[in-house]
Amino acid sequence: MSCVVRIIGGGQVGQQIADRLEHRGDDVCIVEEGEQRVALLNAEGYQVRHGDGTDLSVLRASDIDRADIVIAATGDDDTNLLTTQLVKTKFDVETILARVNDPSNEEPFEELGIQTISRSIATARLIDGYIESPALTRWTEGLGREGDLQEVPVTNDALVGNTIAEIDSELPERCFVIVVGAEGGAHFPDLDEVVDAGQHLTLLGDRDGVRKGMELLDPEPGRTTV
């Protein structure tokens, strides 16, 4: 199940995000204001829209109304805040994320209900990961290339009412359910836990296995479950 993603800001951070998401098969477009940066990204094969990400006409031209996810990834917190405000109030986007360069600027984003990623906190967590669990951290750094980690709702009627153990047995090799639920209600499951329609499962495994697992659990993305 691919997502439509729009990234505001085509610097190193935006490019790295786009690279990972494109490797996972997502439809990614970068909105970037700098002409030289646009030329570079175009030359490297990225889908790019030239323009100011705080301009409504530019956002509309990037088909942001089709987006499942919008990521404000510029190096300026004020720009990211204005962009996410516009997206939040003018477009029906399910997930909005913002890069926050100065952690003291997080509060205005949180008041809008925008999920933030702080550069300093993310860096600290990554360094801690290399100290505490280096093998797992190195593996997660390669997500989207060889391995993958994806959350997907269960809409396949044949699997509704099955236990985690039964669903695991139907999944491709090297693909496993590791978390059940979404947002604050997520938890590690028992093997005998029964899965309800629409419940979210997080799959971990190699890239092809996870993709096939997603198709098995949610064969008709966007379908409403009862």
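Two residues are in contact when heavy atoms of theirs lie within 4.5 Å. Keep that in mind as we walk through this structure, which is a predicted model.

Let's start with the whole protein. Nine helices and nine strands are found in it. Of its 226 residues, 41% are buried. The exposed surface comes to about 12200 Å², and carbon and sulfur atoms supply 48% of that area.

Next, step inside. The largest nonpolar core has 19 residues, and those with the most contacts inside it are L59, I64, V70, V87, V93 and F109. The elements that each give two or more residues to this core are strand β1 (4-8), helix α3 (56-61), strand β4 (69-72), helix α4 (77-90) and strand β5 (95-100).

Finally, look at N80, which sits in helix α4. Is N80 buried or exposed? Its relative accessible area is 0%, and because buried means under 20%, N80 counts as buried. Which residues does N80 meet, once its neighbours within four places in sequence are set aside? N80 is in contact with A72, A73, T74, R99, N101 and F109. You have already come across one of these partners: F109 is among the residues with the most contacts inside the largest nonpolar core.

Note on methods:
Residues are numbered from 1 along each chain as its sequence is written. This is a predicted model: local features need pLDDT of at least 70, side-chain atom pairs count only at pLDDT 80 or more; totals for chains, interfaces and linings use all residues. Side-chain values use heavy atoms; hydrogens and water are left out. A nonpolar core is a set of buried Ala, Val, Leu, Ile, Met, Phe, Trp, Tyr and Cys residues joined through side-chain atoms within 4.5 Å. Buried means under 20% relative accessible area, exposed over 50%, partly exposed in between (1.4 Å probe, protein chains only). Helices (H or I, at least four residues) and strands (E, at least two) are DSSP runs, numbered from the N terminus. Accessible areas come from the Shrake-Rupley method with a 1.4 Å probe; for residues, only the protein chains shown count as cover.
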